[in-house]
Amino acid sequence: MPNKLERLISLLICLCFLVQSVPALAQTPEEWVTLGKRIHGGFGSYIALGIRIGLDAMKRLDAKSRELDVTYFDGANAPCPCVADGIMIATVATPGQNSLRVIPSKSDASNFAVVVIKNKKTGELLRYVIPATARYLLDKWNQDLSDRQRYDAVMNTSSDSLFHVDSNKRIIEIPKIQYNN
């Protein structure tokens, strides 16, 4: 029969495994900023925009974390695919699970990025188009605001200024891809 110390150690080991198996989702703005810094290495408005898109997609598609498949197409003039990291943080879709892909070629120059998000269970799709004009706001916030202020700016700005959403239960046209030689 195990003694109290052995039972306590067994219980602690079980709790460690349980805590590790629960997805790390933030609840407060401070937690999102902290998670963004830890995962991405810093927190800018592009990460905040990815979080907003990921949370929006989960709500619209009635999905929980790990139930979405994400394909991210960088725009021709986008400086980086950092928005994809924010989407990954919010949805827990990852390259390792083959549920998040960043397409290395650039999409249409009129877009900052295009993101196609699919509910794995229902097959329903959303297509988020981030217009190239959104970059001005995002870059200005990165220059002028603190991490938390960037988060608030992205979350409180009208979605029309940051992205447009097309939905279709089955098929959505993906962006034309320009291959760089």
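**A close look at one helix pair**

A: Start with the whole chain. Of the 181 residues in the protein chain, 44% are buried. The model is a predicted one. Its secondary structure comes to 7 helices and 5 strands. Along the sequence, these elements follow the pattern α-α-α-β-α-β-β-β-α-α-α-β. Take the contacts in the chain with a separation of 6 or more: 74% of them join residues 24 or more positions apart.

Now the pair itself. Two packed helices are described by the angle between their axes and the distance between the axes. Helix 5 covers residues 134-144, and helix 6 covers residues 147-156. Their axes come within 9 Å. They cross at roughly 155 degrees. Angles over 145 degrees count as roughly antiparallel, so helix 5 is roughly antiparallel to helix 6. The crossing of the two helices is right-handed.

Next, the residues that meet. Helix 5 brings L138, W141 and N142. Helix 6 brings R150, A153 and V154. By class, this contact of helix 5 with helix 6 has 4 nonpolar residues, 1 polar and 1 charged.

One last check concerns covalent links. A disulfide is a covalent bond between the sulfur atoms of two cysteines. A search of the whole structure finds 0 disulfides.

Technical notes. Residues numbered from 1 in each chain as written. Predicted model: local features only at pLDDT ≥ 70, side-chain atom pairs only at ≥ 80, totals over all residues. Heavy atoms only, no water. Axes fitted to C-alpha atoms, helices over the stretch in contact; angles between N-to-C directions. Helix = DSSP H or I, 4+ residues; strand = E, 2+ residues; numbered from the N terminus. Parallel < 35°, antiparallel > 145°, perpendicular 65-115°, else oblique. Left-handed = near helix turned anticlockwise from the far one by under 90°. Contact = heavy atoms within 4.5 Å. Nonpolar A, V, L, I, M, F, W, Y, C, P; charged D, E, K, R; others polar. Disulfide = S-S within 2.5 Å. Buried < 20%, exposed > 50% of the residue type's maximum accessible area, 1.4 Å probe, protein only.
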